[in-house]
Amino acid sequence: MARQLRHNVEGGWYHITARGMGRREIFLEDRDREHFVELLQGLVERYGIVLHAYVLMENHYHLLIETPHANASRALQWLNVSYAAWFNAKHDGCGPLFRQRYKGIPVDGEGSWALACSVYVHLNPVRIRSLGLGKEDRAREKAGFLPTGPTREEVAARLTKLREHRWSSYPAYAGYAPKPEWLTCERLWRRVGTGKGKEDGKADYRRYLEDSLRQGEEEGAFAQITAAVAIGGAAFVERLRRRVPPSARCDTNARAWRRLLPFGEVVKAVEAVKGEGWAAFADRKGDCGRDLALYVARMNCGLSIPELAALAGTEPAAASKAIQRMRKRLPGDRKLKSVLRRVSTEIGVRET
């Protein structure tokens, strides 16, 4: 597996995740969670990390941090190693606790991007199958196979789960619990609030997040955060791309920074080569246009099969089969290879 390319930047913001080895639980009881929260306080005090948001789930955690001293790698290594050693000693375990090194996605700390990421972090407790927001449910809903809005009962259940999840910074953000000194909420309160004061910030943040949950908008706004190599606008991503050194080893994800494209750009390239719009050929029997777009996007957009399927208006199984068909056809189809070459030229990447 390619190792993630690290961007340690002074003042950089990052969405951090780490998962248990083999999807095993990393928190077995509340004392485990309490100790991890104690380590989060240590992360702030020892390394000068600014912790903007966090949530603890059964087999993984999410953080939104800022690094004034460009030391994310050192700080997160300390956090994971310290917790893993404590966990193994307490539960008579041995070997690695976490599946791999933490995943750190750079976030544009300006404007609305960091705010959107904090909302994504805080909504994790409701992204579960029993509340109709499991991975399969979300993929099918985005593809149009389920009602677009949640029912009143679903909204009530999701809000209850969100508010009662103790192991998150959301209660402090929303005013349901006191804010610990080591948690920084003020910056994001100001992004969504009136700027009149802390209490206004709590109410405004609570209303901003819970209204989006009531309206069923949370997935449309934040669905691609987990698949991204960066969370921000085009200028922010381009600045990060320029930081990728030419000598970056091939066992990192450096190539992903050079080729990450929006799905819409791939569609425009296919439309330009075919000389007609997506709506004209996407569902045309015997036309390879949509298959070609899915194949090129899979190589260049950094999106999962379910995400591509939703964007292309099809099911994940159908999208997977379409990509497989293209892989089998290309070696022996000179005409199709020529079309692929022209599409690749349109989007400015090497033929995939």
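This passage walks through the fold of one protein chain, from its overall make-up to a few individual residues.

The structure is a predicted model, in which local features need pLDDT of at least 70 and side-chain atom pairs count only at pLDDT 80 or more, while totals for chains, interfaces and linings use all residues. Residues are numbered from 1 along each chain as its sequence is written, and side-chain values use heavy atoms, with hydrogens and water left out.

The protein chain contains 17 helices and four strands; helices (H or I, at least four residues) and strands (E, at least two) are DSSP runs, numbered from the N terminus. Of its 352 residues, 49% are buried, where buried means under 20% relative accessible area, exposed over 50%, and partly exposed in between (1.4 Å probe, protein chains only).

What lies inside? In soluble globular proteins, nonpolar side chains tend to be buried together. A nonpolar core is a set of buried Ala, Val, Leu, Ile, Met, Phe, Trp, Tyr and Cys residues joined through side-chain atoms within 4.5 Å. The largest such core has 62 residues, and Y61, L63 and L79 have the most contacts inside it. Helix α2 (residues 72–91) gives the most to this core, contributing eight residues. A second, separate core has 30 residues, among them F263, V267, F281 and Y295. Leaving aside neighbours within four places in sequence, the partners of L63 include Y14, H15, I16, L40, L76 and L79.

The buried residues of α16 are A319, A322, I323 and M326. Seen down the helix axis, these fall within an arc of 95°, so they line one face of α16; the arc is that of the directions from the helix axis to the C-beta atoms. An α-helix has 3.6 residues a turn, so residues three or four places apart point the same way. On the other side of α16, A317, K321 and K328 are exposed. The cover over the buried residues of α16 includes α14 (289–300), α15 (305–312) and α17 (334–347).

The loops also hold some details worth a look. R23, in the loop between β1 (12–19) and α1 (30–47), has a positive phi of about 60° although it is not a glycine. A70, in the loop between β3 (60–67) and α2, likewise is not a glycine but has a positive phi of about 55°. A70 is partly exposed, at 25% relative accessibility. In the loop between α15 and α16 sits T314, which is buried with a relative accessible area of 11%. T314 and D283 are 31 residues apart in sequence, and their C-alpha atoms are 9.7 Å apart in space.

Finally, the cysteines: C117 is buried, at 0% relative accessible area, and C185 is buried, at 0% relative accessibility. A search of the whole structure finds zero disulfides, a disulfide being a pair of cysteine sulfur atoms within 2.5 Å.

Methods
Contact means heavy atoms within 4.5 Å.
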